[in-house]
Amino acid sequence: MKTLAPFAGCLLSLCLPAAAIDLSGLTPIGPVAGFTTATDGIVVTCRDGSQVAIRILAPDLVRVRAAFGHALPARDHSWAIDKTVWDVPQWSVKEDSGALRIFTPELEVVVHRDPLLVEFRDAATHQTINADERPMMFDAHSGGGVAAAKKLGFDEHFYGLGEKAARLDKRRGHFTMWNRDASYAEGSDPLYQSIPFYLGWQNGAAYGIFFDNSYRTYFDFGASTQEYAAFSADGGEMNYYFFYGPSMKKILARYADLTGHMPMPPLWALGNQQCRWGYYPDTLAEEVVRRYRADDLPLDVLYLDIDYMDGYRVFTWDPKRFPDPSAFTEKLAKQGVKVVTIVDPGIKYDPGYQAFDQGLAKNFFLKRLDGSLFHGKVWPGDSVFVDYTLPDAARWWGDMHRAYTDHGVAGIWNDMNEPSDFLDQTGQTQGDVVSYDGGANSSFNRNVFGLNEARATFEGLERLRPNQRPYIITRAGYAGIQRYSTMWTGDNTSTWDALALSIPMFQTLGLSGEPFVGADAGGFMGRTNAELLTRWYQVAFLTPFCRNHADRTAYDHEPWRFGTYYEGIIRKYLKLRYRLLPFLYTVLEEAHRTGAPLFRPLLLNYQDDANALTIDDEFMVGDALLEAPILRPGETSRLVYLPAGTWYDYWTGQRYSGGGMIRVEAPLETVPLFVRG
Ligand code: MIG
């Protein structure tokens with residue numbers, strides 16, 4: 001794309017808002033010349049030699065794939081897609097002088113001939129749901145970029161795009177997808193994950209677009225102009241899936257079918273989890289667990305950060321800090337606590353170290369175009385990285401986890417998998433890295449690296465422990481990551497703003513196919529305080545992933561660190577989480593089956609209620625619980641919007657009729673919580 005900052009500007013674009021999508025200079029696809037029919041759709045040939053395939057996967061799901069100036073390539077593979085074979089519904093195609101018209105039971109797809117414009121209409125009402133504002137475009141000069149521009153409705157709202165440091169409604173925003181290791185605040189973009197899937201909402205009806213392109217992509221929801229909403233990529237194909245609701249839940253279910261349903265995690269993954277960078281030696285980690293038990297605080301999982309390794313070499317244990325890992329996990333198991341270890345993708349360049357020697361001998365490491373090994377600098381120092389797209393390499397990586405499962409480690413934490421490189425966090429110097437990619441030997445695809453690492457890890461854990469559900473948590477990812485891993489939102493800060501931002505972030509992730517989400521409670525970086533930590537737990541106790549974590553240099557903020565008054569309140573909420581576990585587990589099972597997330601914006605349950613469109617300082621758990629957290633210091637009451645219907649105050653049992661704002665008291669002990677009648 002011409003919007004891509006030149007190399008020198010790239011570093012800048014990481015700290016400044018990226019330029020919104022500029023379509024000038026792009027070449028539009030040519031008009032329709034003819035078309036052929038296949039069993040599942042049509043292939044349109046254009047006067048300029050371009051081709052557009054319109055494939056019908058389901059009555060409400062249509063794929064659009066275009067090749068500019070040439071025929072569609074035979075190779076058609078995406079790491080995101082789970083379901084490739086669909087029961088093609090009844091459909092038909094008609095042509096008239098102006099357009100080709102494809103009919104499914106729910107959609108009418110109109111391909112206007114000249115110029116070539118794709119339009120999606122409701123099959124029953126013939127109302128336009130979404131339409132090209134101009135023909136799909138490509139960058140004839142660089143030979144790489146592709147773009148689509150859609151009509152932008154006056155009252156159209158946008159949601160989704162996965163992990164974004166932004167409010168719930170993304171209208172007037174513009175976003176980049178390029179996995180990146182960086183701490184963040186509202187407005188930072190991009191973040192660790194790339195989920196190029198969004199929902200549009202207009203007049204109560206929703207549609208979805210999944211732009212399945214794992215190059216650097218851009219989304220512009222009316223940031224540059226009110227004439228269009230656009231998405232584009234620096235390379236790869238114009239390849240998107242169009243979902244029709246009108247219900248958002250229906251779209252999320254289809255999206256889960258297409259990119260994969262989250263498997264059920266083990267029940268203990270919903271338990272309370274404790275972490276901090278610096279829990280070593282083993283006796284200190286044991287002390288943390290002892291304190292949890294002594295203080296009658298629920299705990300299911302303790303994490304070991306990078307300190308447990310021997311010189312940060314993955315698949316090893318530091319002989320002084322953790323001399324007997326089996327005895328360590330055994331001790332914790334006796335207290336009902338599981339151990340999860342961090343695993344980073346960088347393998348220390350270190351002849352004599354088993355993982356390095358084996359990977360090198362077997363040719364499993366990523367190389368540059370010139371055949372040299374790709375080196376990066378991460379915690380172990382000079383490091384190399386596995387090409388997870390090589391089936392044998394992925395298998396080897398998975399099997400290496402024996403180093404953990406043999407010692408009773410219960411789950412794996414994948415960090416640094418953007419992949420992070422201290423020498424260059426932009427990914428620029430990874431441009432000539434090649435990955436096998438099913439024989440395509442593609443230029444390295446940064447955005448799917450974490451996805452493929454998680455896949456290799458998940459499949460390894462399945463082989464190593466066939467009768468147990470794998471538990472993985474990842475920082476980076478691409479669409480489809482939910483098939484293999486849960487996620488957390490990386491390096492947040494110990495600030496009220498970070499707590500407030502976490503609500504729309506979780507809601508957005510839930511609307512993007514990732515139901516198992518959470519943030520470092522208390523904030524990862526900086527110094528939290530008693531009030532903030534307490535209010536943080538009042539949110540965390542209802543997020544799927546509930547983990548207290550802190551940076552190496554951060555001040556301590558385990559639940560007891562600010563004295564018994566605050567600890568007592570935190571205990572109350574952790575215990576309430578455990579009382580609610582049957583409910584949380586049930587709602588999580590619903591997420592697994594239907595794609596509807598546990599942690600929801602009100603909008604998902606009340607999409608016809610225009611009041612709900614932008615509310616992201618309240619949230620719902622499933623469709624039965626509504627919380628209005630306190631997100632500012634010193635606040636002891638707040639306004640709460642209750643959607644139409646009957647509601648009960650969880651604490652007092654007081655009954656309310658919804659459909660308006662109420663003011664509720666919220667002393668530090670009490671978070672406003674309502675149960676749907
Ligand atoms: O460069 O493993 O987001 O949770 O504690 C920092 C150390 C690497 C980043 C993770 C954080 C983790 C930390 N890691």
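Biologist: How many residues of domain 1 are in contact with residues of domain 2?

Modeller: In this chain, 43 residues of domain 1 are in contact with 44 residues of domain 2, where contact means heavy atoms within 4.5 Å. This is a predicted model, in which local features need pLDDT of at least 70 and side-chain atom pairs count only at pLDDT 80 or more, while totals for chains, interfaces and linings use all residues. Residues are numbered from 1 along each chain as its sequence is written, and side-chain values use heavy atoms, with hydrogens and water left out.

Biologist: Which residue ranges does the domain assignment of the protein chain give?

Modeller: Domain 1 is 13-252, domain 2 is 267-343 + 390-589, and domain 3 is 593-676. These bounds come from an automatic or database domain assignment. The C-alpha centres of domain 1 and domain 2 are 34 Å apart.

Biologist: What is the area buried between domain 1 and domain 2?

Modeller: The size of an interface is often given as the accessible area lost when the parts come together. Here the buried area (accessible area, 1.4 Å probe, that two parts lose on being put together, summed over both) is about 3,500 Å², with carbon and sulfur atoms giving 53% of that area. On the domain 1 side, Trp 79, Asp 181 and Tyr 184 supply 21% of the area buried against domain 2, more than any other three residues.

Biologist: At what angle do helix α3 and helix α4 pack?

Modeller: Helices (H or I, at least four residues) and strands (E, at least two) are DSSP runs, numbered from the N terminus. Axes are lines fitted to C-alpha atoms, for helices over the stretch in contact, and angles run from 0 to 180 degrees between N-to-C directions. For α3 (residues 282-294) and α4 (residues 325-334) the angle is about 5° and the axes are 11 Å apart. α3 is therefore roughly parallel to α4 (angles under 35 degrees count as roughly parallel, over 145 as roughly antiparallel, 65 to 115 as roughly perpendicular and the rest as oblique).

Biologist: Which residues in α3 and α4 meet?

Modeller: From α3 come Asp 282, Ala 285, Glu 286 and Val 289; from α4 come Phe 328, Lys 331 and Leu 332. The residues of this contact divide into 4 nonpolar, no polar and 3 charged. Ala, Val, Leu, Ile, Met, Phe, Trp, Tyr, Cys and Pro count as nonpolar, Asp, Glu, Lys and Arg as charged, and the others, Gly among them, as polar.

Biologist: Now the backbone. Which residues are joined to Pro 190 and to Pro 246 by a cis peptide bond?

Modeller: Most residues other than glycine have a negative phi, and most peptide bonds are trans. Asp 189 and Pro 190 are joined by a cis bond with omega about -5°, and Pro 190 is in the loop between β13 (174-177) and β14 (193-194). Gly 245 is joined in cis to Pro 246, with omega about 0°; Pro 246 is in the loop between β19 (238-244) and α2 (248-259).

Biologist: What is the positive phi of His 126, and what is that of Asp 296?

Modeller: For His 126, phi is about 65°, although this residue is not a glycine. His 126 is in the loop between β9 (117-122) and β10 (128-138). Asp 296, also not a glycine, has a phi of about 55° and sits in the loop between α3 and β21 (301-304).

Biologist: Is Asp 344 buried or exposed?

Modeller: Asp 344 counts as buried because its relative accessibility is 8% (buried means under 20% relative accessible area, exposed over 50%, partly exposed in between, with a 1.4 Å probe and protein chains only). Asp 344 is in the loop between β22 (338-343) and β23 (347-348). Leaving aside neighbours within four places in sequence, its contacts include Trp 379, Trp 397, Asp 415 and Glu 453.

Biologist: Where is Val 433 placed, and what is its relative accessible area?

Modeller: Val 433 is in strand β28 (residues 433-435) and is buried, with a relative accessible area of 0%. Its C-alpha atom is separated by 5.6 Å from that of Lys 367, 66 residues apart along the chain. Beyond four places in sequence, Val 433 is in contact with residues including Lys 367, Phe 374 and Phe 444.

Biologist: Which loop holds Thr 495?

Modeller: Thr 495 is in the loop between β32 (486-487) and α9 (496-510). Thr 495 counts as partly exposed, at 32% relative accessibility. Apart from neighbours within four places in sequence, Thr 495 is in contact with Leu 532 and Trp 536.
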